[in-house]
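Biologist: I would like to learn how to read this model. Could you take me through it, step by step?

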There are 2 protein chains.
Amino acid sequence: MEQRKYRCRYRLFVAEGDKIVREALASSLTVECLMAKEEWLRQLPAPLRAKARETLTVNDRELAQISTLKTSNQTVALLQIPEYDTDDKELLSDLSLYLDKVQNPGNLGTIIRIADWFGIRRVMCSEGCADPYNPKTVQSAMGAITRVKTCPADITTLQRLKSAGLQIYGAFLQGENLYRSDLASQAVIVMGNESQGIGKEAAQLIDKRLYIPSYPAGTPSSESLNVAAATAIICSEFRKPHQP
Amino acid sequence: MEQRKYRCRYRLFVAEGDKIVREALASSLTVECLMAKEEWLRQLPAPLRAKARETLTVNDRELAQISTLKTSNQTVALLQIPEYDTDDKELLSDLSLYLDKVQNPGNLGTIIRIADWFGIRRVMCSEGCADPYNPKTVQSAMGAITRVKTCPADITTLQRLKSAGLQIYGAFLQGENLYRSDLASQAVIVMGNESQGIGKEAAQLIDKRLYIPSYPAGTPSSESLNVAAATAIICSEFRKPHQP
């Protein structure tokens, strides 16, 4: 399942390690196969164990062969890839992310984890994004992969949401100061590719271009923030006014 | 230079790719050796080219052998590792980061890039942190590695800064709501290890424990944010009141 073609054919993905496998077993996802060391299985509560359709006890050597990590963990699970579509009703009443060709699997996973932290339930991924079920993405997203709905989307999705009245924000290096902008609580935030930023097509649909001011203003600094770091700051600003 | 022992022995590190090598050549760092394809060298402005102590023209095959990346770039440079010590005068008059065993090289690099964006000139790294000159760290930090000073530090550094009157903040999962805290402009922000958080010793020195509220309050979500994502949000909050 390390290769995308096999993930596509079998609609399965791999989750590794104590924490994430426990969260997967506790989630609504279907665990096709749970592979774990005997000690680990013994400590697993029966209701969680019952969630796996099949359970295999494996030893260290077998685990190392299955694992996609350098240092393998206690357990590896094969999960069904859930199929989420773009549910307009949910999107129109909430804050969501639209990722325009975010290519790095680690960045995508970190963004899914950020979305989860800030109660953003849907992350739309354009063509050209990393696969949300890439083992590296799953590893960076951690348990968030079991909660946040990632769904394929394209420019027509954005167009439809905009026509339905949703505000479309985008992260740029120039625009309106994020800290001083009116941020709607029902909106889409578009984040762009690691080196190219937001593509032309998506850029044309954006109502408000936001930028994160660097400090102090006007000094030479990094040309940009990493896309996941920028997503974290922007989501934090969007959610803050609504904190109790 | 992919291995730490060689970086230590020769005090050299590797920077790869057009952007970062140009920034390195324009920086105060010493470029021991510049290796690049002929076309790339031809387009390089003479003053930048003159900064390299030695220049080698290489072909694709040679570049692929030198490169630490899967897809090698146009150029690779060998740079002297600068030696920064903990300059108390600078630290006492500024905002700095102290990383307590941040192990992942990618996270460390992203944090260095965040520091650069927010005008944080020093990142103190405890023992157990990833090496700031690991190729993965350099790649994530991008040009920021040429501007931000990373320096080895330990608990006695924190103790000294605290005794001198500097406020020590730390990121925790419980504490004071980041959005409502008084944040000093001269301070140290301590960020902890990816899975363990801030260690006991450092925790004892912290004046104010900050947490980033998840949204909505009280729902199950990711147990924590990625350390670089949390650093981004915290630095943004520290710098915001001082924006023009």
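Modeller: Let's begin with contact: two residues are in contact if their C-beta atoms, placed from the backbone, lie within 7 Å. This is a predicted model, where local features need pLDDT of at least 70 and side-chain atom pairs count only at pLDDT 80 or more, while totals for chains, interfaces and linings use all residues. Residues are numbered from 1 along each chain as its sequence is written, and chains are lettered from A and ligands numbered from 1 in the order in which they are written.

Biologist: How many residues of chain A are in contact with chain B?

Modeller: On chain A there are 32, and they meet 32 residues of chain B. Helix 7 (105–117) and helix 11 (227–239) of chain A each supply at least two residues of that side of chain A. Helices (H or I, at least four residues) and strands (E, at least two) are DSSP runs, numbered from the N terminus.

Biologist: Which classes of residue make up the side of chain A that touches chain B?

Modeller: Ala, Val, Leu, Ile, Met, Phe, Trp, Tyr, Cys and Pro count as nonpolar, Asp, Glu, Lys and Arg as charged, and the others, Gly among them, as polar. That side of chain A has 17 nonpolar, eleven polar and four charged residues.

Biologist: In what order do the strands of the open sheet in chain B lie?

Modeller: Two strands pair if DSSP finds at least two bridges between them. In chain B, six strands form an open sheet with parallel pairing, in the order 7-6-5-9-8-10. Strand 7 (149–152) and strand 10 (208–211) of chain B are the edge strands, each pairing on one side only. Strand 6 (residues 122–125) of chain B is joined to strand 7 of chain B by four bridges, and B:Arg122 has B:Lys149 as its bridge partner.

Biologist: Is strand 9 of chain A mostly covered or uncovered?

Modeller: A residue is buried if 20 or more other C-beta atoms lie within 10 Å of its own, exposed if 12 or fewer, and partly exposed in between, with C-beta atoms placed from the backbone. Strand 9 (residues 187–191) of chain A is mostly covered, with four of its five residues buried. Five bridges join strand 9 of chain A to strand 5 (residues 95–99) of chain A in parallel; A:Leu99 is partnered with A:Met191.

Biologist: How many residues of helix 11 of chain B are buried?

Modeller: In helix 11 of chain B, 13 of its 13 residues are buried.
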